[in-house]
Amino acid sequence: MDKKVELQVLNITNSQAQIGAFAMLLGEVDGERQLPIIIGPAEAQATALYLKGVKTPRPLTHDLFITSLTVLGASLIRVLIYKAKDGIFYSYIYLKKDNEIIRIDARTSDAIALAVRADCPILIYESILEQECLHLSGEERTRSGQINDEGISLEEALQQAIKEENYELAARIRDQINSRNNNQ
């Protein structure tokens, strides 16, 4: 049986490969390997805003899903990236309700957006990680390792919210920027 390796979200940046897409960089927990995944702007924004602690005035879709699970007495217990083909990653989310484990097919970007909210492990088979990963030294890993202003910044999130005419979200992001700037 193929061993499973735990990953964590390291960074989200604009994709150099696809216009309008984003690259999510996943890193091996307690390891050197990194896995880039191309994701859409909605999932990139949802994940980055959550990881940066930005509170939206209304629940985003992934927040709604996690809340619905809780209300129904279920919980997200893990995400598994089980396949990679032609640059596309395939994932399952695993839910637990009572003593039953339920496996559901999901887009990897959505599965990860849910996993960060549920604080559950993101797993990948060793063979897939080895085939698709980037090998970086410890210093390179440290330089690229955290979501920061080189990833999706609050300023980029603000511009996206304005572009989408989501002025309520834009106002909250602006307040977050002002708060951050006042604390520096």
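Contact here means heavy atoms within 4.5 Å. With that in hand, Asp63 makes a handy way in: setting aside neighbours within four places in sequence, Asp63 is in contact with Tyr50, Thr56 and Arg117. The model is a predicted one, in which local features need pLDDT of at least 70 and side-chain atom pairs count only at pLDDT 80 or more, while totals for chains, interfaces and linings use all residues. Residues are numbered from 1 along each chain as its sequence is written, and side-chain values use heavy atoms, with hydrogens and water left out.

Asp63 sits in helix H2; helices (H or I, at least four residues) and strands (E, at least two) are DSSP runs, numbered from the N terminus.

Two packed helices are described by the angle between their axes and the distance between the axes. H2 and H3 pack at an angle of about 60°, with their axes 9 Å apart. Those axes are lines fitted to C-alpha atoms, for helices over the stretch in contact, and angles run from 0 to 180 degrees between N-to-C directions. That makes H2 oblique to H3, since angles under 35 degrees count as roughly parallel, over 145 as roughly antiparallel, 65 to 115 as roughly perpendicular and the rest as oblique. On the H2 side the contact is made by His62, Asp63, Phe65 and Ile66, and on the H3 side by Asp110, Ala113, Leu114, Arg117 and Ala118.

H3 itself is largely enclosed by the rest of the structure, because 10 of its 11 residues (108–118) are buried. Among them are Thr108, Ile112, Leu114 and Val116. Just after H3, Asp119 takes a positive phi of about 50°.

Salt bridges turn up elsewhere too, and the count comes to six. Glu43 pairs with Arg107, the closest N and O atoms being 2.3 Å apart. Glu43 lies in helix H1 (residues 41–51) and Arg107 in strand E6 (residues 100–107), so this bridge ties together parts that are 64 residues apart in sequence. Glu43 is buried, with a relative accessible area of 9%.

Another bridge joins Glu126 to Arg33, with 2.6 Å between the closest N and O atoms. Glu126 is partly exposed, at 22% relative accessible area, whereas Arg33 counts as buried at 9%. Glu28, Arg33, Glu126 and Glu130 are linked in a network of salt bridges.

Technical notes: Buried < 20%, exposed > 50% of the residue type's maximum accessible area, 1.4 Å probe, protein only. Salt bridge = Lys/Arg side-chain N within 4 Å of Asp/Glu carboxyl O.
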